[in-house]
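Got the viewer open and ready to click around? Let's take a short walk through this structure, one selection at a time.

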Amino acid sequence: LFTRFGVDATPTSRISREAGVSTGTLFHYFPDKNTLIAQLYVSVKKDLAEAIRSGFDETLPMKLRLEQCLRSYLAWGVANPEKIRFLDQFDNYPGIRDVVMRQAYDDFAWILDLFDAAVREGVLPDLPREFQMVMLTKVLDGILELVEKGTSGMSQDEIIGNGLAMLWKK
């Protein structure tokens, strides 16, 4: 509902109706919309982190470990376009407190360590982390957008392969 209609155009009465619960029950668990959004945000982030972490093979060479993580992210994104739109919409939402953002990102700390190791091994260029994360996010968002649109003239596998190839240090 939030991704389709926005926060302001999604009253709690509509949320409770769609969820099949009374408004009173909704307010019992979530005293306001920001609390609901924050808890939903953490839940979606945890789901994504679990998808990336499942099947992670630490014995692979660094580049393959990174690619495995990114492909897991993309597979999750292709399977969950509404959740991707939700995260895009709420990654910088002012109604989510810093503590909730930190809680949501705690599940991803290991990936940052992986990126640091990839830089040390020369797999990724030695650039500021913020720059790397923004560029990575944009490439992954672009891949998901092209896969969803299906108008690029490439198969899903070609879009993903060519998109990921843009990330590696030559």
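**A stop at the charged pairs**

Start by selecting E82, R85 and E148: salt bridges link these residues in a network. Keep in mind as you look around that this is a predicted model. How many salt bridges does a search of the whole structure find? The search turns up eight, and we'll visit a few of them.

Next, pick D47 and K83. Their side chains meet in a salt bridge, 2.9 Å from N to O. D47 sits in helix α4 (residues 33-53) and K83 in helix α6 (residues 81-90), so this pair ties together parts that are 36 residues apart in sequence. Colour by accessibility if you like: D47 counts as partly exposed at 25% relative accessibility, and K83 is partly exposed too, with a relative accessible area of 30%.

Now slide along to E145 and K149. This is another salt bridge, with the closest N and O atoms 3.0 Å apart. Both residues belong to helix α9, and being four residues apart there, they are separated by about one helical turn. Buried or exposed, what is K149? K149 is exposed, with a relative accessible area of 51%, while E145 is partly exposed at 43%.

**Where two helices cross**

Select helix α8 (residues 109-120) together with helix α9 (residues 129-149). They pack at an angle of about 110°, and their axes are 12 Å apart. Angles of 65 to 115 degrees count as roughly perpendicular, so that is how α8 and α9 stand to each other. To see the contact itself, show L112, F115, D116 and V119 on α8, then R129, Q132, M133 and L136 on α9. That set divides into five nonpolar residues, one polar and two charged.

Zoom in on D116 and R129, whose side chains meet in a salt bridge at 2.4 Å, N to O. D116 lies in α8 and R129 in α9, so the pair ties together parts that are 13 residues apart in sequence. D116 is partly exposed at 28% relative accessibility, and R129 is partly exposed at 37%.

**Last stop: a buried threonine**

Finally, go to T10, in the loop between α1 (2-5) and α2 (12-19). T10 is buried, with a relative accessible area of 0%. What does the side chain of T10 reach? Look for the backbone oxygen of G6, at 2.5 Å. Leaving aside residues up to four places away in sequence, T10 touches L1, F2, F5, I15 and K33.

Methods: Residues numbered from 1 in each chain as written. Predicted model: local features only at pLDDT ≥ 70, side-chain atom pairs only at ≥ 80, totals over all residues. Heavy atoms only, no water. Axes fitted to C-alpha atoms, helices over the stretch in contact; angles between N-to-C directions. Parallel < 35°, antiparallel > 145°, perpendicular 65-115°, else oblique. Contact = heavy atoms within 4.5 Å. Nonpolar A, V, L, I, M, F, W, Y, C, P; charged D, E, K, R; others polar. Buried < 20%, exposed > 50% of the residue type's maximum accessible area, 1.4 Å probe, protein only. Polar contact = N/O pair within 3.5 Å; in protein donor to acceptor, adjacent residues only side chain to side chain. Salt bridge = Lys/Arg side-chain N within 4 Å of Asp/Glu carboxyl O.
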